[in-house]
Amino acid sequence: MEDTETAGGRTIRNTALVVGARIISRGLALITVLVMANHLGNDGLGVWGNLINWTALTAVILDLGFNTLYVREGARHPGEISRYLQNVMGSKLIQAIPVFVVLAGALGYQRIQNLLIPGFVLLVVTSYSNLLRATCYALGKLKWETLAIVLESLVLTVLVVAGVLAHQGVVYFIWAYAGSYGFSCFYFFLVLPATGMARPGFKFELTLIRHWLWSGLPFALTFVLTAIYFKIDVPILFSLRGAAETGNYVFAYKPFESLLFIPTAMLNVVFPILGVLHKRDPKNLGPATDRFFKALFLLGWPLTVGTFLLSPALAIWFPRFQAAAPALRILSLAIVFMFVSNAFIGYLNSIDRQSLFTWAAGLSVAVNLVLNLLLIPTWGSLGAAWATVLTEMALAGIGLALVAGSGHLVPVWRLCWRPGLAGLAMGAALVPFGTAPGLRLLGVAALGAVVYLALAWFVGAVDADDRSLIRGALRRPAR
């Protein structure tokens with residue numbers, strides 16, 4: 001078994017690979033969405049965003065918690081990973097039938113049924129793409145995933161730019177997104193067997209599927225609740241306030257959402273490691289969770305401060321979407337809470353106590369639905385943004401309490417005060433540049449990153465153990 005420093009270095013190296021690829025991908029994706037938004041306008045972007053959220057909501061029927069269970073069980077039993085993959089792929093074919101019915105009903109209710117076929121195809125290929133790429137996370141072989149991330153984003157960029165140049169409408173851009181995920185499915189169908197990671201295919205072993213349905217039920221419920229929480233605000237806003245205001249909110253949400261890939265990518269890398277530690281080296285599970293929490297806070301806090309201070313520039317860059325800037329400023333307050341919640345998710349799932357976070361997610365969804373229904377009719381997109389912030393704060397607090405109740409107390413103050421101080425000092429340096437015009441904003445953001453890193457190092461936010469792990473990550477892996 002690897003020693004802690006070697007395993008930690010490998011985890012940091014894998015995280016850096018995936019996050020680096022995601023930065024490139026999300027940068028391209030954000031530019032792509034902004035170009036598409038400018039082309040479609042408020043109404044068109046509102047219709048597009050509403051459809052995307054409906055596909056995410058109905059995708060829970062196509063997942064049933066199997067994707068998360070596949071990563072955990074594949075990491076624990078790599079010799080069985082082809083069997084697991086083929087059974088989940090086969091199960092999704094059957095699950096797609098009720099998905100189509102539910103999606104048709106939802107789109108028919110909002111009178112956008114013309115988007116049913118491209119929306120359904122997008123939903124299915126996205127689900128298969130996520131499943132296939134999960135193999136890389138389960139086995140810790142992420143160089144193929146990093147390449148897929150970049151290639152997928154390039155395909156999407158080309159398709160969207162072609163659509164803008166050809167003056168296409170909403171339906172085309174849904175097909176464009178489906179095409180990019182379809183490309184990644186094709187890529188992994190070639191790469192997984194060629195590298196010996198797994199053999200894609202279709203099986204349906206009833207005994208295995210029945211066992212996984214029961215084992216994956218907490219994951220499935222959490223996925224359902226999380227999807228409702230993250231995605232229901234847009235359909236509610238679309239129904240109560242119309243396509244134009246929905247378009248403004250979607251426009252504000254995209255820069256905010258583009259940052260959230262970071263904790264997700266980190267959790268995808270760290271979660272299999274935590275699951276293995278629970279079984280083989282439980283005494284190191286708590287310290288590993290603390291380091292994960294600290295890393296999430298180190299990244300999430302400056303993003304919260306920076307986005308809050310620089311969000312007014314959105315109105316300068318895109319006058320057509322001036323109303324989106326206040327919503328983005330409010331949403332920025334949720335970033336750090338969304339980051340650190342992933343540490344609690346990873347810990348509880350790794351110790352097979354995923355049902356606890358399911359209860360937390362359920363409570364959060366109830367709070368979020370009530371807040372959206374109370375705030376959106378009066379405050380519109382700003383109400384939806386505040387509902388997101390308040391719910392994320394509650395979810396992070398509940399997650400921290402659940403981890404403590406499960407036997408590990410995360411030392412929040414000890415882990416956070418130094419990077420917290422560095423982030424506040426960075427914010428003070430950025431205040432004079434909050435409305436920097438044009439490309440100067442990129443320079444201001446780069447300046448903020450440099451100031452934060454320097455201050456974090458100066459106040460000791462990166463300690464000796466952290467530096468040791470980083471050195472381990474920088475070493476060339478043994479062959």
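Figure 1. I61 is partly exposed, because its relative accessibility is 25%. Partly exposed is the class between buried, under 20% relative accessible area, and exposed, over 50% (1.4 Å probe, protein chains only). I61 is part of helix α1, residues 4-63. Helices (H or I, at least four residues) and strands (E, at least two) are DSSP runs, numbered from the N terminus. Leaving aside residues up to four places away in sequence, I61 touches Q95, P98, V99 and V102. A contact requires heavy atoms within 4.5 Å. I61 and V224 are separated by 163 residues in sequence, while their C-alpha atoms lie 8.2 Å apart in space.

The model in this and the other views is predicted, with local features needing pLDDT of at least 70 and side-chain atom pairs counting only at pLDDT 80 or more, while totals for chains, interfaces and linings use all residues. Residues are numbered from 1 along each chain as its sequence is written, and side-chain values use heavy atoms, with hydrogens and water left out.

**Figure 2. The whole protein.** The protein contains 19 helices and zero strands. Of its 479 residues, 56% are buried. Among contacts with a separation of 6 or more, 84% join residues 24 or more positions apart. The protein exposes about 20,300 Å², and 70% of this area comes from carbon and sulfur atoms. Accessible areas are calculated by the Shrake-Rupley method with a 1.4 Å probe, and for residues only the protein chains shown count as cover.

**Figure 3. Helix α11 against helix α18.** Two packed helices are described by the angle between their axes and the distance between the axes. Helix α11 (residues 285-310) and helix α18 (residues 440-458) have axes that come within 11 Å and cross at roughly 145 degrees. Axes are lines fitted to C-alpha atoms, for helices over the stretch in contact, and angles run from 0 to 180 degrees between N-to-C directions. The crossing of α11 and α18 is right-handed. A crossing is right-handed if the near helix is turned clockwise from the far one by less than a right angle, and left-handed if anticlockwise. From α11, L298, P302 and L310 meet L441, V444, A445 and Y452 of α18. This contact of α11 with α18 has seven nonpolar residues, no polar and no charged ones. Ala, Val, Leu, Ile, Met, Phe, Trp, Tyr, Cys and Pro count as nonpolar, Asp, Glu, Lys and Arg as charged, and the others, Gly among them, as polar.

**Figure 4. Helix α9 against helix α16.** The axes of helix α9 (residues 233-259) and helix α16 (residues 381-405) are 8 Å apart, at an angle of about 65 degrees. α9 passes α16 in a right-handed crossing. On the α9 side the contact uses D233, L237, E245, Y249 and F256, and on the α16 side S381, A384, A385 and T388. By class, the contact of α9 with α16 has five nonpolar, two polar and two charged residues.

**Figure 5. Helix α13 and two cysteines.** Helix α13 (residues 324-332) is largely enclosed by the rest of the structure, because seven of its nine residues are buried. The buried residues in α13 are A324, A325, A327, L328, I330, L331 and S332. C136 is buried at 0% relative accessibility, and C185 is buried at 11%. The whole structure has zero disulfides, a disulfide being a pair of cysteine sulfur atoms within 2.5 Å.
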